[in-house]
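These are my notebook entries on one structure. I set down what I looked up, topic by topic.

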Amino acid sequence: MKRIGVTGHRSIPQEARAHVLDGLRAAFRGLEGSLEAFSSLAVGADQLFADIALARGAELTVVIPSGDYESSFADAGELARYRALKDRAAREVRLDYPHSTDEAYYAAGAYIADHCDRLLAVWDGRPARGLGGTGDIVTYARSLGRPVTVIWREGVERG
């Protein structure tokens with residue numbers, strides 16, 4: 001089984017969105033056999049990746065950083081989308097953090113990097129804005145020797 005993980009920004013500017021979607025789809029092209037996709041299902045890159053992975057027939061493994069993770073979603077629509085994707089998952093991994101802290105997010109990203117064969121990073125190339133951000137997980141995955149595919153539209157900056 002091939003295992004693909006994701007890390008990425010929650011906020012993807014509109015001018016980068018089509019490029020990100022194309023890059024995520026391209027990452028699944030040509031992959032034969034069974035696939036397992038790892039995501040924490042955060043808004044943005046994680047959910048886009050999960051949609052594409054499920055459409056491709058991958059088994060989704062959801063890595064839930066904390067006991068109160070659902071409280072990190074800003075509104076009812078975001079929470080409903082998270083729950084709908086989570087309901088389609090083949091597996092759930094719940095980390096032991098009671099609260100959604102930077103440490104919990106880092107642990108979830110590290111878990112994904114530890115368990116995938118390849119990491120897709122929807123990343124603008126800038127340092128993480130807090131512990132556990134995309135830049136930190138890319139650095140961690142690379143320290144493991146994990147192949148990392150960066151997907152971002154050149155010249156576009158996050159808000």
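**Source.** I worked from a predicted model, in which local features need pLDDT of at least 70 and side-chain atom pairs count only at pLDDT 80 or more, while totals for chains, interfaces and linings use all residues. Residues are numbered from 1 along each chain as its sequence is written, and side-chain values use heavy atoms, with hydrogens and water left out.

**Strand 1 and its partners.** I took helices (H or I, at least four residues) and strands (E, at least two) as DSSP runs, numbered from the N terminus. I counted two strands as paired if DSSP finds at least two bridges between them. Strand 1 (residues 2-8) runs parallel to strand 2 (residues 35-39), and four bridges join them. Within this pairing I found arginine 3 opposite glutamate 36 of strand 2. Strand 1 is also parallel to strand 5, through five bridges; there, threonine 7 faces alanine 121. I then checked burial (buried is under 20% relative accessible area, exposed over 50%, partly exposed in between; 1.4 Å probe, protein chains only). Five of the seven residues of strand 1 are buried, which leaves the strand mostly covered.

**Crossovers.** I called a crossover right-handed if, with the strands pointing away from the viewer, the path from the first strand over the helix to the second runs clockwise. Strand 1, helix 1 (residues 14-28) and strand 2 form a right-handed β-α-β unit. Strand 3, helix 3 (residues 76-87) and strand 4 form a right-handed β-α-β unit as well. Strands 3 and 4 (the latter residues 91-97) pair in the parallel sense over five bridges, and isoleucine 64 has arginine 94 of strand 4 as its bridge partner.

**Alanine 121.** I located alanine 121 in strand 5 (residues 118-122). Alanine 121 is buried, with a relative accessible area of 0%. I listed its contacts (heavy atoms within 4.5 Å). Leaving aside residues up to four places away in sequence, alanine 121 touches Thr7, Val138, Val148, Thr149, Val150 and Ile151.

**Serine 66.** I placed serine 66 in strand 3 (residues 59-66). Serine 66 is buried at 2% relative accessible area. Beyond residues up to four places away in sequence, serine 66 touches Tyr97, Pro98, His99, Ser100 and Ala104. I also noted a polar contact of 3.1 Å between the side chains of serine 66 and aspartate 68. For this term I required a pair of N or O atoms within 3.5 Å; within protein, one must be able to donate a hydrogen and the other to accept it, and residues adjacent in sequence count only if both atoms are side-chain atoms.

**Aromatic rings.** I paired rings of Phe, Tyr and Trp (its six-membered ring) if their centres lie within 6.5 Å, with planes under 30 degrees apart as stacked, over 60 as edge-to-face and the rest as tilted. This rule gives six aromatic pairs. The rings of tyrosine 69 and phenylalanine 73 are edge-to-face, because their planes stand at 75°, with centres 5.4 Å apart. Both tyrosine 69 and phenylalanine 73 are buried. The rings of tyrosine 106 and tyrosine 140 have centres 6.1 Å apart and planes at 70°, so I recorded this pair as edge-to-face too. It links distant parts of the chain, 34 residues apart: tyrosine 106 belongs to helix 4 (residues 102-115) and tyrosine 140 to helix 5 (residues 134-143). Tyrosine 106 is partly exposed, at 26% relative accessible area. Finally, I noted that Tyr69, Phe73, Tyr82 and Tyr105 form one aromatic cluster.
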